[in-house]
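Take a moment with the sequence and the 3D view. Then follow this walk through the structure, one part at a time.

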Amino acid sequence: MGEVLPEIARRLNFVILKRVQGDLFELLEEPPEWFRLIFAPGENPNEVRVGSSSLFLDDFMTDAEDHWANERPEPLKSGVWHEFDSGDREHYLEATALYVRSTSVLILESLGHDYEVRMQLFQKARNFVLQNQTLDYELQKNDVLLHFLSTQLGPALQKIGRSLAELKQHKLDYDVLSDLNEVVRVAARQDMLVDTFLRRFSSEIVTMQQVTRDYGSAPDVIEVVRTLVKAELDAFLNRAVDLSMDSTVPPTESTKVMSHRARLDKVVGSLMHFALRRAPEGSSINMQIHSHGEDWIHVEIHESVASLSLEDEEIFENLLSANSLVRKTALSLYFCKLTIERWGGEIGYRHMGESGCWWFRLRRIKKPS
Amino acid sequence: MIQRKVCLVGSFAVGITSLLQRFVYSRFSDKYLTTVGVKIDRKIVPTSQGSVSLILWDLAGEDEFQSLQTSFLRGAAGFVVVIDSTRNETLQQARSHLDYLEEEYPKAAKVIFANKADLENSWDLETDELNRLEKRFTVFRTSAKTGHSVEEAFHVLADKMS
């Protein structure tokens, strides 16, 4: 068996080195080509100083020496590193320090195709995560743009057209009338373009306007908040910000709200994230849910230290011009506002001395009798 | 010549490899190639105490697929914690790294690179968030793409370690 071991190692792209002294090692067999391209031989062609050829191995030797000195039986792996050879080709290597029958052994492995496949998988997975993060932002942006087109621009153009048409009933100079006719035509054309665009994206608008009114399938706001609190607990812990939740709604009352589950998750999640971003270490955030009469449920995010300045209290009225917010945050808060208001609710922020509170209210869906 | 080990850490896709490519080879590529494993580069920089050879460890970015192998940090004289200025979640990760490094390597020099400073329209870091970091650490707004502040930042780190 001993005579085939060197060949087995070669074929598996391993090099087995026996320690002589320090970082000087003896080769037990003729190594594969990649080894010679990376590790220059010493005076003795069967010996090599690994530390002088590889910065990584020079560093690993500290752990390896400790491993051998303590005669530990288990293998000590270095982790994968990239090494360039004399021809500037990249190799992916991993070292293992072993103590076997009073001998300090270093095994170097060149990870070939399997490692490249692994890298490709990592690449794909990370690309997906990045795309997902970008997509989230783009979807919110689309929502806001579609909302703006359908509720602001379209109706505004129609109003302009009607006003201009009324103006034409007055006695006007020929030139003025001519200009006015042109403006009316332009307004009508723009209105038609907006209308065409909105019809093209009607399915997106329908999705955007989805709201559940049926008790059976409507989201339960306590369950939504509880799930998010559980999911975000670690993030808050890492920031040393205390997160808690309370509800004063009696168990006999419905906590189902007129909304859409995925978007409600997004709204509550966005507000929690914003509060966390600005929360100083040692502060606390308390999620509260209350009834407000028979018809409304209030959700409040109480901050022990207010995240907004007094000047920014009317933030939901001034989102697009709020200089204290970065673009993504402003968009995210605008999305929250549009969504809550689309469901017939209200949203806002209020100061309470040093502390502050994000709040929104939604229509309660009562239990069927 | 003095030699100092520097480890660069951060979330995935913050631009660690690009920063090193810029600093060591004065080059940049827009293509995102994820790092798996460790890459090591070397560069000599002048400091007020003479030249220092920086051994720069490009450690794979941390995420749910791969966590930081702390054994690679051993012996480091300096750390660069890199943030992607366009992704706020990378700041959260950076804070965790900094807490760990302050505890385990209290004497090592630490600087923060808020990278991708060229993408101003997509910044996702608020002024207050950076101000809070600046109270504890030296923070540079870097761009591996344009080279902005990269050279300066590494020189400052080298000075701190010499």
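How many residue pairs are in polar contact across the interface of chain A and chain B? The rule finds 18, with both residues of each pair at pLDDT 80 or more. That cut-off matters here, as this is a predicted model.

Stay at the interface. Six salt bridges are also found across it. Look for Arg74(B) and Asp59(A): their side chains meet in a salt bridge, 3.2 Å from N to O.

Now see which parts of chain A face chain B. The elements that give two or more residues to this side are α4 (55–69), β4 (76–84), α5 (113–167), α9 and α10 (327–342) of chain A. Of these, α5(A) gives the most, with 10 residues. Sort the residues on this side of chain A by class, and you get 15 nonpolar, 10 polar and nine charged.

How much of each chain takes part? Chain A brings 34 residues to the contact, and chain B brings 38. The size of an interface is often given as the accessible area lost when the parts come together. Between chain A and chain B, the buried area is about 3100 Å². Carbon and sulfur atoms give 49% of that area. Three residues stand out: Leu55(A), Arg126(A) and Arg277(A) supply 24% of the area that chain A buries against chain B, more than any other three residues.

Next, turn to a sheet within chain A. Five strands form this open sheet, in the order β7-β8-β9-β11-β10, and their pairing is mixed. The edges are β7 (242–247) and β10 (346–352) of chain A, each pairing on one side only. On average, neighbouring strands are turned by 15° against each other, direction ignored.

Strand β10(A) runs antiparallel to β11(A), residues 355–363, and seven bridges join the two. In one of them, Arg350(A) has Cys357(A) in β11(A) as its bridge partner.

Two helices of chain A pack on the sheet. Helix α8 (residues 221–238) touches β7, β8 (284–292) and β9 (296–303) of chain A, and its direction makes about 170° with that of β7(A). Helix α9 (residues 261–278) touches β7, β8, β9, β10 and β11 of chain A. The direction of α9(A) makes about 175° with that of β11(A).

How values were computed. Residues are numbered from 1 along each chain as its sequence is written. Chains are lettered from A and ligands numbered from 1 in the order in which they are written. This is a predicted model: local features need pLDDT of at least 70, side-chain atom pairs count only at pLDDT 80 or more; totals for chains, interfaces and linings use all residues. Side-chain values use heavy atoms; hydrogens and water are left out. Two strands pair if DSSP finds at least two bridges between them. Helices (H or I, at least four residues) and strands (E, at least two) are DSSP runs, numbered from the N terminus. Axes are lines fitted to C-alpha atoms, for helices over the stretch in contact, and angles run from 0 to 180 degrees between N-to-C directions. Contact means heavy atoms within 4.5 Å. Buried area is the accessible area (1.4 Å probe) that two parts lose on being put together, summed over both. A salt bridge is a side-chain nitrogen of Lys or Arg within 4 Å of a carboxyl oxygen of Asp or Glu. A polar contact is a pair of N or O atoms within 3.5 Å; within protein, one must be able to donate a hydrogen and the other to accept it, and residues adjacent in sequence count only if both atoms are side-chain atoms. Ala, Val, Leu, Ile, Met, Phe, Trp, Tyr, Cys and Pro count as nonpolar, Asp, Glu, Lys and Arg as charged, and the others, Gly among them, as polar.
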